[in-house]
Amino acid sequence: GKLLGDNTDIAGILAPLQAWQQANPETALPANLQSGLILGAGGASRAACAALQALGIPDVALSNRTASKAVSVAADFHLRSVPWEERATNSGQPWGLILNTTPLGTAGSHDGLSPMPDNALSGSRLVFDRTGTLFVTVGDRFDLRGEAQNPSNHIGKVIRIRPEGGA
């Protein structure tokens, strides 16, 4: 007998990003996406490392609450690790893409928890979690900041788009 195995994690991460590329060729990811942060250091994070490298994103880093795990996984992929406390920005600049491979923000006891500090996702950021949900933050910077707490508009809100298209 022979055993065959396959891993669909990489394909699951690449699929929505490649779909974005195909639907938006004028803003194709490799040309415009210069940095990516992977949160977590488990099996899904390894798939995320491989996926972002396959996309050709030049600056990819990994962060985990347990620093030694982040350093180990990052080293396996020749990436840098970022201390969990410093994950909010990339040397003072916002991350181009953040992939959450932790359970934070998923259903159950982690629902509603964010793996990122509140100040890290301001103004038009895209974040995919490991369930395929896309989180879109809508502008709340500069002169619109005062509108962020106004429930009658979307300024300063996080919109969750589920894989089947519902919001």
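# Reading a predicted protein model

Q: Which residues does Pro163 touch, not counting residues up to four places away in sequence?
A: Pro163 touches Thr131, Gly132 and Thr133 when residues up to four places away in sequence are not counted. Contact means heavy atoms within 4.5 Å. This is a predicted model, in which local features need pLDDT of at least 70, side-chain atom pairs count only at pLDDT 80 or more, and totals for chains, interfaces and linings use all residues. Residues are numbered from 1 along each chain as its sequence is written, and side-chain values use heavy atoms, with hydrogens and water left out.

Q: Where is Pro163 found, and is Pro163 buried or exposed?
A: Pro163 is in the segment after β7 (158-161). A residue is buried under 20% relative accessible area, exposed over 50%, and partly exposed in between (1.4 Å probe, protein chains only). With a relative accessible area of 55%, Pro163 is exposed. The C-alpha atoms of Pro163 and Phe128 are separated by 10.0 Å, although these residues are 35 residues apart along the chain.

Q: How many helices and strands does the protein have?
A: Helices (H or I, at least four residues) and strands (E, at least two) are DSSP runs, numbered from the N terminus. The protein has four helices and seven strands. Along the sequence they follow the pattern α-α-β-α-β-α-β-β-β-β-β.

Q: What can be said of the protein as a whole?
A: Of the 167 residues in the protein, 39% are buried. The accessible surface (Shrake-Rupley method with a 1.4 Å probe; for residues, only the protein chains shown count as cover) comes to about 9,600 Å², and 54% of that surface belongs to carbon and sulfur atoms. Among contacts between residues at least 6 apart in sequence, 52% join residues at least 24 apart.

Q: What span should helix α3 have?
A: The expected span of a helix is 1.5 Å times one less than its number of residues. Helix α3 (residues 43-54) has twelve residues and should therefore span 16 Å; its end C-alpha atoms are 17 Å apart, which agrees.

Q: Which residues of α3 are buried, and which residue with positive phi follows α3?
A: Ser45, Ala47, Ala48, Cys49, Ala51 and Leu52 are the buried residues of α3. Gly56 follows α3, and its phi is positive, near 80°.

Q: How many salt bridges are there?
A: A salt bridge is a side-chain nitrogen of Lys or Arg within 4 Å of a carboxyl oxygen of Asp or Glu. By this rule the count is two. Arg46 is partly exposed, at a relative accessible area of 32%, and Asp76 is partly exposed at 45%.
A further salt bridge joins the side chains of Asp59 and Arg80 (3.0 Å, N to O). Asp59 lies in strand β2 (residues 59-63) and Arg80 in strand β3, so this pair ties together parts that are 21 residues apart in sequence. Asp59 counts as partly exposed at 23% relative accessibility, as does Arg80 at 33%.

Q: What lies around Ala74 in helix α4?
A: Ala74 belongs to helix α4 (residues 67-76) and is buried, with a relative accessible area of 1%. Not counting residues up to four places away in sequence, Ala74 touches Leu62, Leu79, Arg80 and Ser81. Ala74 and Arg46 are 28 residues apart in sequence and 8.6 Å apart in space, C-alpha to C-alpha.

Q: Which side chain of opposite charge is nearest to Arg87?
A: In assigning charge, Lys and Arg count as positive and Asp and Glu as negative, while His and the chain ends are not counted. Arg87 is buried and has no salt bridge; Glu85, the nearest side chain of opposite charge, is 6.5 Å away. Arg87 lies in the loop between β3 (80-81) and β4 (97-100). A polar atom of the Arg87 side chain lies 2.5 Å from the backbone oxygen of Trp84. Leaving aside neighbours within four places in sequence, the contacts of Arg87 include Leu37, Trp95 and Met116.

Q: What is the phi of His78, and where does His78 lie?
A: Phi of His78 is near 60°, a positive value in a residue other than glycine. His78 lies in the loop between α4 and β3 and counts as exposed, at 74% relative accessibility.

Conventions: Polar contact = N/O pair within 3.5 Å; in protein donor to acceptor, adjacent residues only side chain to side chain.
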